Amino acid sequence: MWIPKAMSLNHVRPWRNIYRRKSRQIMVGNVPVGGDAPIAVQTMTNTLTTDAAATIAQVQAAAEAGADLVRVSVPDQASAKALKEIVRESPVPIVADIHFHYKRGIEAAEAGAACLRINPGNIGDEKRVAEVIKAARDHNCSIRIGVNAGSLEKHLLEKYGEPCPDAMVESGLDHIKILQDHDFHEFKISVKASDVFMSAAAYQALAEATDAPIHLGITEAGGLVSGTIKSAIGLGQLLWMGIGDTIRVSLSADPVEEVKVGFEILKSLGLRHRGVNIISCPSCARQGFDVIKTVETLEKRLEHIKTPMSLSIIGCVVNGPGEALMTDVGFTGGGAGSGMVYLAGKASHKMSNEQMVDHIVEEVEKKAAELDATKDAAE
């Protein structure tokens, strides 16, 4: 059993505490993973890697959205050549995704990748893996062991009859042994499946079996809505248990959306804080303004805010004042075409519905600047 370590420790509200699994810390480029490091958010490009300009643009957009790491597929030699330029222009460490051909792993390490993601089920025999390990060591590159239920080794499928948590964990531990036998310890590991139950069971067993940093993901989760829900259920329960050092939300969508969803999952559990956390009601006949349209507009208008802070947008006075008590800025709908603006939990002044969006943006920007100044002064 892992030794629990308190995260977001709250003595006043102990029911909010999460106790993080104890893991070793490794470095992926300049990003610490595991140990006391923040849980890193990762995404993956879906452009052709050979189109370096398009891939760089996608990496930069993901980084701007908050991605700590970005994975890039390296399916062929031309992609490995393009990777060098991508790494050079990337604002965050690049993880090279390697399948089927071990030489791509060697080339990616030489190109400057911060981490190599290799799949035990398709990278080749131990001799080939050993060559990849040597390249990683020579170029100060970490490795992610990426076990996937859809590509388990043949002998494990024969042993267990079908993909299952035990087979996935055994695959991962076998590969860990290979790395450790070659005195390589800068690795993290994942055991992904598209089935939430299988993934959760595999990750829980893996967390008991190793102290390596764990990368969480529900693979091939689906489209933006269905994949978000599936990932929130699967990753959310594991994070709540203290399992997970990096996460990737796998969506059939823009990589920026993966980053946004990943951060929202972490924010909902108090594990990472970035940008404006909007608390809003679903709206009903009591609403004093168009809540849904207002929130949609504010989400876009406030994307540039990186400072962690909270904003409540509530349609009426049933829950509005109470929610505003807990947020930095708030707006509660009233009557006669206006509502109440709350600052630091207290009623401040009235504002017309027509002007409220621009006014709220101004108040949020002002509060963000104050929080940033306070932080800078403390440092």
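I began with α1 and α2: A52, T55, I56, V59 and Q60 in α1 meet A82, E85, I86 and E89 in α2, where contact means heavy atoms within 4.5 Å. Helices here are DSSP runs of H or I with at least four residues, strands are E runs of at least two, and both are numbered from the N terminus.

Before going on, I noted that this is a predicted model, with pLDDT of at least 70 needed for local features and 80 or more for side-chain atom pairs, while totals for chains, interfaces and linings use all residues. Residues are numbered from 1 along each chain as its sequence is written, and side-chain values use heavy atoms, with hydrogens and water left out.

**α1 with α2**

I sorted the contact of α1 with α2 by class and got 5 nonpolar, 2 polar and 2 charged residues. For the classes, Ala, Val, Leu, Ile, Met, Phe, Trp, Tyr, Cys and Pro count as nonpolar, Asp, Glu, Lys and Arg as charged, and the others, Gly among them, as polar. α1 and α2 (residues 77-89) pack at about 35 degrees with axes 10 Å apart. Axes are lines fitted to C-alpha atoms, for helices over the stretch in contact, and angles run from 0 to 180 degrees between N-to-C directions.

**α1 with α9**

Next I looked up α1 (residues 52-65) against α9 (residues 255-268): the axes come within 9 Å and cross at roughly 20 degrees. The pair is therefore roughly parallel (under 35 degrees; over 145 is roughly antiparallel, 65 to 115 roughly perpendicular, the rest oblique). I listed Q58, A61, A62 and A65 of α1 and P255, V256, V259 and F263 of α9 as making the contact. Those residues divide into 7 nonpolar, 1 polar and no charged.

**α6 with α7**

I found α6 (residues 165-181) and α7 (residues 196-209) packed at about 40 degrees, axes 8 Å apart, and therefore oblique. Their contact has 10 nonpolar residues, no polar and no charged.

**Largest pocket**

I read off a volume of about 860 Å³ for the largest pocket, a volume being the space filled by probe spheres set on grid points joined across faces, edges and corners. A pocket is an open set of points on a 1 Å grid over the protein atoms alone, where a 1.4 Å probe fits, with protein on both sides within 12 Å along at least five of seven lines; lining residues have an atom within 4 Å of a point. I got 26 lining residues, with K260, E264, K267, E299 and E303 nearest the centre. α9 gives the most, 8 residues.
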